[in-house]
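I am opening a notebook on this structure. The entries below record what I looked up, in the order I went through it.

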Amino acid sequence: MAKKNTHYVVWEGLKPGIYGSWEECQRQIKGFPGAKYKGFPSMLAAQRAYDMGYLAYNSMNPEQEALFNVNENTPKPIYPSLAVDAAWNTATLEMEYQGVDCQTGKLIFHQGPFPDATNNIGEFLAIVHGLAHLKKLNSEIPIYTDSMTAISWVRAKKARTKLIQTERNKNLFELLERAEKWLRENTWKNPLLKWETQYWGEIPADFGRK
């Protein structure tokens, strides 16, 4: 049975936003040329889709779209699993990322800091690093991230960053090229899952600097 929609996202309409009924949504899209909207089974799913943006959401495959069918009854995290996260210093513009065992918190890998970087790039590289690490171990355990943007980049096998290459971040762009090449040349069965911070607290790989 299909899940009943409880919230509606209007990306393009008279007043973009999230609405709690179909009637409210209709008032924002009726008569609006090219309106972009969609219903979701929970506020959490709607908020995630709205924040992601219409173009990124609309480019997802069915497996990715299934990640939005979450609600207040979302189950506990799956164990064993790998959690990845990135940290970006707004003052120095340096980024680093790491992966840890979800259940024990044991550090599995850490890279950085990288100058003139972005958090999204770090989240992307962390997932690819995790996939490559698990492939070497012949492991199909899930990878958790709190970045839907990074998941969409991995699925596209392309880091869709607008960051400009400089002499300081040249090595970072070389790392991005290697990551994209790995994605094009490899397959994996590891589910890429969204860490539900609202219910589970900070992702285990969080750097704790908020």
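This is a predicted model: local features need pLDDT of at least 70, side-chain atom pairs count only at pLDDT 80 or more; totals for chains, interfaces and linings use all residues.

Entry 1: I then noted a cis peptide bond between Tyr-79 and Pro-80, where omega is about -5°. Where does Pro-80 lie? I traced Pro-80 to the loop between α4 (62-65) and β4. I also checked Leu-93, which has a positive phi of about 65° although Leu-93 is not a glycine. Leu-93 has its place in the loop between β4 and β5.

**Entry 2: the chain as a whole.** I listed the elements next, and the protein chain has 8 helices and 8 strands. Its radius of gyration is 18 Å, close to the 17 Å that the globule rule gives for 210 residues, so the chain is as compact as a globular protein of that length. I also took the extent of the C-alpha trace, which spans about 50 × 40 × 35 Å along the principal axes.

**Entry 3: the sheet of 3 strands.** Before reading the pairings I reminded myself that strands of a sheet pair through backbone hydrogen bonds, either parallel or antiparallel. What is the order of the strands in the open sheet of 3? I read the order as β2-β1-β3, and the pairing is antiparallel. The edge strands are β2 (17-19) and β3 (36-40), each of which pairs on one side only. Neighbouring strands of this sheet are turned by 20° against each other on average, with direction ignored.

I went through the pairs of this sheet one at a time. Strand β1 (residues 7-12) runs antiparallel to β3, and 5 bridges join β1 and β3. His-7 stands opposite Phe-40 in β3, and the bridge partner of Tyr-8 in β3 is Gly-39. On the β2 side, β1 and β2 pair in the antiparallel sense over 3 bridges. β1 and β2 form a hairpin, with 4 residues between them. I noted one partner pair here: Val-10 has Gly-17 as its bridge partner in β2.

Entry 4: I turned to the open sheet of 5 strands, which has the order β6-β5-β4-β7-β8 and mixed pairing. Why is one side of β6 and of β8 left without a neighbour in the sheet? β6 and β8 (192-194) stand at the edges with a single partner strand each, so one side of each has no neighbour there. For this sheet I noted that neighbouring strands are turned by 20° against each other on average, direction ignored.

I looked more closely at one pair. Strand β4 (residues 82-88) and strand β5 (residues 95-101) pair in the antiparallel sense over 7 bridges. Within that pair, Ala-86 stands opposite Tyr-97 in β5. I also followed helix α6 (residues 148-156), which lies across β7 (143-145) and β8 and runs at about 160° to β8.

**Entry 5: the largest pocket.** I finished with the largest pocket, which has a volume of about 280 Å³. Which residues of its lining are closest to the centre? Of the 13 lining residues, I wrote down Tyr-97, Val-128, His-129, Ala-132 and Leu-175 as the closest to the centre.

I then sorted the lining by element. Those that give two or more residues to the lining are β6 (107-114), α5 (119-136) and α7 (170-185). The largest share, 6 residues, comes from α5. By type, the lining residues divide into 8 nonpolar, 3 polar and 2 charged.

How values were computed: Residues are numbered from 1 along each chain as its sequence is written. Side-chain values use heavy atoms; hydrogens and water are left out. Two strands pair if DSSP finds at least two bridges between them. Axes are lines fitted to C-alpha atoms, for helices over the stretch in contact, and angles run from 0 to 180 degrees between N-to-C directions. On a 1 Å grid over the protein atoms alone, a cavity is a set of points where a 1.4 Å probe fits but cannot get out, and a pocket is an open set with protein on both sides within 12 Å along at least five of seven lines; lining residues have an atom within 4 Å of a point. Grid points are joined across faces, edges and corners, and a volume is the space filled by probe spheres set on the points. Ala, Val, Leu, Ile, Met, Phe, Trp, Tyr, Cys and Pro count as nonpolar, Asp, Glu, Lys and Arg as charged, and the others, Gly among them, as polar. The radius of gyration is taken over C-alpha atoms; the globule rule is 2.2 Å times the number of residues to the power 0.38. Contact means heavy atoms within 4.5 Å.
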